[in-house]
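Hi,

Here is the structure I promised to pass on to you. Please have a look at it first, and then read my notes below.

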Number of protein chains: 2
Amino acid sequence: MIIRQIHVTPVAFRDPPLLNAAGVHEPWALRTIVEVVTDEGLSGLGETYGDLGHLSKVRECAAALVGVDVHATHEMYARISAIIGDVVTDMHGLTGVATQEKSIDRVFAAFEVACLDIRGKAYGVPVVDLLGGRVRDAVPYSAYLFYKWAGHPGGEPDRFGAALDAAGIVEQASMLIKEYGFASIKLKGGVFAPSEEVEAIIALREAFPGLPLRLDPNAAWTVETSIQVGQALEGSLQYLEDPTPGIPGMAEVAAEVPMPLATNMCVVTPEHLPPAIAAGAIGVLLLDHHYWGGLVRSSHIAALCDTFGLELSMHSNSHLGISLAAMTHLAAAMPNLTHACDTHTPWQNGQDVVAPGALRFIDGAVPVPDGPGLGVELDRDALAVMHEQYLACGLTARDDTTYMQRFEPAFSARRPRW
Amino acid sequence: MIIRQIHVTPVAFRDPPLLNAAGVHEPWALRTIVEVVTDEGLSGLGETYGDLGHLSKVRECAAALVGVDVHATHEMYARISAIIGDVVTDMHGLTGVATQEKSIDRVFAAFEVACLDIRGKAYGVPVVDLLGGRVRDAVPYSAYLFYKWAGHPGGEPDRFGAALDAAGIVEQASMLIKEYGFASIKLKGGVFAPSEEVEAIIALREAFPGLPLRLDPNAAWTVETSIQVGQALEGSLQYLEDPTPGIPGMAEVAAEVPMPLATNMCVVTPEHLPPAIAAGAIGVLLLDHHYWGGLVRSSHIAALCDTFGLELSMHSNSHLGISLAAMTHLAAAMPNLTHACDTHTPWQNGQDVVAPGALRFIDGAVPVPDGPGLGVELDRDALAVMHEQYLACGLTARDDTTYMQRFEPAFSARRPRW
């Protein structure tokens, strides 16, 4: 099964004004859809970031993979490594530092997922069966709460409404739980003073007793602030996510707070694992196949976490259904996934490049799609519309900070901020 | 593809009197052949240890795996884990301590390999393609030299002749290199005083300049002796393998000798990796899929070694062609395999349960077998003969020490000995 063609299509879909430590989500979220086609006419899907620097690398690597067998992932990785000579950085910095290894892993992942999709279709088995088989039939996801404005400035309010304090956050949680059945809650913090975010967590705990809670300020706090918040929230958090920047700072916090620290910022590529483990900096790794090199490499990392006693959960950026399917297959095959995964799916608000029906939430969990491969099909009309949106929207890279500064000129994304 | 039947067949084949720190190989080597058959009539092969304690666990687990899909390796692992409640120990101790995790991994591996063989056949691809695809077309193996007697006491001399000093070892190396084309040499030590084994390495270095050399005394030396030998062999060894028992002792040696230390004794299961890495005890891990839980789990461990800067080679016990095929597929798919693998193939002296033709050595390397799955077929006549030999030979477990004591009553396998 030789790769004959790879179609790379940037798309844009509407995104609500979600607030975070870097600023606020712009009106459009960007993604890149990868479709790999073999000499036998089978095709497979991958989804990755839409920033132009990354997109241009994806395009360059796509050309270099034509002629490779879909099984030859080591060969693909070597070819991509030879092309990615420099570090491809995100402006928002919300998934930690960029490194050359991470830049390679990010490009490789989209093709690897597409090749697994093809292999599953060729063999007549779901991707989860290429990862060791399912240990769960459905993957639990968490309600991913954001402070947010009612709508983008100058536009209509969106259906989610504003959430700018503890009451707004509880209201948002109620809506998402009612619609999706989530049984875990994550609050994106780093937006308001830590005391306000502590108040929101306490309000969530009171409103949803028994539901595991998490808080993620995206490294907006100093070590001292992180320790104060961690101690103030003893008994209220399943884990505290990236309170402060860097492995040494995280290690200092980890030693003083009662809950495990989770990360998708200080450990984002294999080379970060040895120093983080040696320092005792983290208790939970938030895997993300988009930058950990695809599904098989993520399963290697999951095994490593098991060996070193790290718990596992899963990180999410704004994404579409191809990624949700890939995340679900991977998570369904992870014996040591210890927490519900993150997803931005509710904020996607029904927009998708995959045909309806394959993906659904039942009691906060996504059943592993039936059918071979990823189990999702491209909706070519939707893809065309979203590609037109990409061309028309004028955005070429995610930049939460500059967008925020249009409305709050004094805003700074410096971290730590408090 | 549901497992309908699993045939478990213990076999015995003739083994020369190879000397090691535990004693001497008995006249028969024992193995267990596993054949998994699916509802669609596909069958796959696995090979594992033949000791009765292990064999009985393999039989018990085989019964528990009927009804499982061949993709569902996590489910198989869970079922086997539920059965292996205790630690299954080898008498010889040459592959390090037994643990519950290792006992599970050892049983699981044979079934996992057989299921990969089936999946490869079903998909029409070689097993190497289920492990990321080949990074090499042929896998280099080393000439595995042993001090040995001319023949078993009371029997005829074998064709390999005696090797009881440096000259005999050089002669043996010449024969194996002439027949197989090996380009690396490993000497099994721990048999004679360290000074004699140093002398043998020096003689090999002079006889085969440029060929990488290794020495493996199976933890027969104290820390002090290990350091002396390591320093005496500066510039002569690619690595020094398991000079002394245990992670703390290995770490002491590693800090004082000029070459990396390799192990298949102090790190033999995932739980040993964190302390060994923290202590800096080893530089090279000798993977062995037979006790690291099969091919996919071994690839997880290989990735972990890459992350932590450990080099990789591969360990071998006496084995037949199913294992050689499995080792070759795994090693062909390992980007970070940094050294030629060990194999006992020459000592098998042509005996096999696989049909001739699929496996061959060219310039010391085994080309990845063509054909789907492992690429080897069971020779059912040979299997029947070897099973008869198993029943007739009277051995039920490998016990190099007791056999040695029949001829040298004062022999002790205590380690460290020097």
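In chain A, seven strands make an open sheet with parallel pairing, in the order E7-E8-E9-E10-E11-E12-E13. Strands here are DSSP E runs of at least two residues and helices are H or I runs of at least four, both numbered from the N terminus; two strands count as paired if DSSP finds at least two bridges between them. At the edges lie strand E7 (143-146) and strand E13 (311-314) of chain A, each pairing on one side only. From one strand to the next, the twist averages 25°. Angles run from 0 to 180 degrees between N-to-C directions, with axes fitted as lines to C-alpha atoms, for helices over the stretch in contact.

Before I go further, this is a predicted model, in which local features need pLDDT of at least 70 and side-chain atom pairs count only at pLDDT 80 or more, while totals for chains, interfaces and linings use all residues. Residues are numbered from 1 along each chain as its sequence is written, chains are lettered from A and ligands numbered from 1 in the order in which they are written, and side-chain values use heavy atoms, with hydrogens and water left out.

Within that chain A sheet, strand E11 (residues 261-263) and strand E12 (residues 284-287) run parallel and are joined by two bridges. A:Thr263 has A:Leu285 in E12(A) as its bridge partner. Helix H4 (residues 166-180) of chain A lies across E7 and strand E8 (185-188) of chain A, at about 150° to E7(A).

One residue I looked at in some detail is A:Gln238, in the loop between helix H6 (223-232) and strand E10 (239-241) of chain A. Leaving aside residues up to four places away in sequence, A:Gln238 touches A:Pro212, A:Leu213, A:Arg214, A:Met259, A:Pro260 and A:His339; contact means heavy atoms within 4.5 Å. Its side chain makes polar contacts with the side chains of A:Arg214 (2.9 Å) and A:His339 (2.8 Å). A polar contact is a pair of N or O atoms within 3.5 Å; within protein, one must be able to donate a hydrogen and the other to accept it, and residues adjacent in sequence count only if both atoms are side-chain atoms.

Chain B has an open sheet to look at too: three strands in the order E1-E4-E5, with antiparallel pairing. Its edge strands are strand E1 (3-14) and strand E5 (43-49) of chain B, and the twist averages 20° from one strand to the next. Strand E4 (residues 28-38) of chain B pairs with E5(B) over seven bridges, and B:Val36 has B:Gly44 in E5(B) as its bridge partner. Helix H3 (residues 100-123) of chain B packs on this sheet, touching E1, E4 and E5 of chain B, and its direction makes about 155° with that of E5(B). Helix H10 (residues 321-332) of chain B also packs on the sheet, touching E4 and E5 of chain B at about 100° to E5(B).

Finally, the interface: 25 residues of chain A are in contact with 25 residues of chain B. The two chains bury about 2000 Å² between them, 68% of it on carbon and sulfur atoms; buried area is the accessible area (1.4 Å probe) lost on putting two parts together, summed over both. Nine residue pairs are in polar contact between chain A and chain B, both residues at pLDDT 80 or more.

Best wishes
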